[in-house]
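Please have the sequence and the coordinates open while reading.

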Amino acid sequence: MATKEAPPADVAAPGDREATAALGLPLVAEGDVTEAFWAACHGGQRGAAEDLLTRGADPRWVGWDSLTPAGAARRSGFPELATWVEGL
């Protein structure tokens, strides 16, 4: 099984739906947008996160490892993104 590489950090501009699609998620089931938001924050993809937020993502959702999207961003070394999410 091939491993999918994450998009480079500079690929996602605010509102960039192509960058959101690069996450590789179909976003069709309930909760998918929120989970993708968490993943975008974890990966430092603010542009994708902004797009997902406009689609109804919950920035307070507690996901994997009991982390919010802000906590996931901070743990992954994206403190500015974490601060932005905390301000939502």
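In this predicted model, Phe37 has a relative accessible area of 0%. That value is under 20%, so Phe37 counts as buried.

**Surroundings of Phe37**
- Leaving out residues up to four places away in sequence, Phe37 touches Ala49, Leu52, Leu53, Ala57, Asp58, Pro59, Pro69, Trp84, Val85 and Leu88.
- Ala49 lies twelve residues from Phe37 along the chain, and their C-alpha atoms are 5.2 Å apart.

**Packing of α2 with α3**
- Helix α2 covers residues 32–42 and helix α3 covers residues 46–54; their axes come within 8 Å and cross at roughly 160°.
- An angle over 145 degrees counts as roughly antiparallel, and α2 and α3 are therefore roughly antiparallel to each other.
- The crossing of these two helices is left-handed.
- On the α2 side the contact is made by Val33, Ala36, Phe37, Ala40 and Cys41, and on the α3 side by Ala48, Ala49, Leu52 and Leu53.
- By residue class, this contact of α2 with α3 holds nine nonpolar residues, no polar and no charged ones.

**Packing of α2 with α5**
- Helix α5 spans residues 79–86 and packs with α2 at an angle of about 145°, the axes being 10 Å apart.
- Here Phe37, Ala40 and Cys41 of α2 meet Leu81, Trp84 and Val85 of α5.
- The contact of α2 with α5 consists of six nonpolar residues, with no polar and no charged ones.

Notes:
Residues numbered from 1 in each chain as written. Predicted model: local features only at pLDDT ≥ 70, side-chain atom pairs only at ≥ 80, totals over all residues. Heavy atoms only, no water. Axes fitted to C-alpha atoms, helices over the stretch in contact; angles between N-to-C directions. Helix = DSSP H or I, 4+ residues; strand = E, 2+ residues; numbered from the N terminus. Parallel < 35°, antiparallel > 145°, perpendicular 65-115°, else oblique. Left-handed = near helix turned anticlockwise from the far one by under 90°. Contact = heavy atoms within 4.5 Å. Nonpolar A, V, L, I, M, F, W, Y, C, P; charged D, E, K, R; others polar. Buried < 20%, exposed > 50% of the residue type's maximum accessible area, 1.4 Å probe, protein only.
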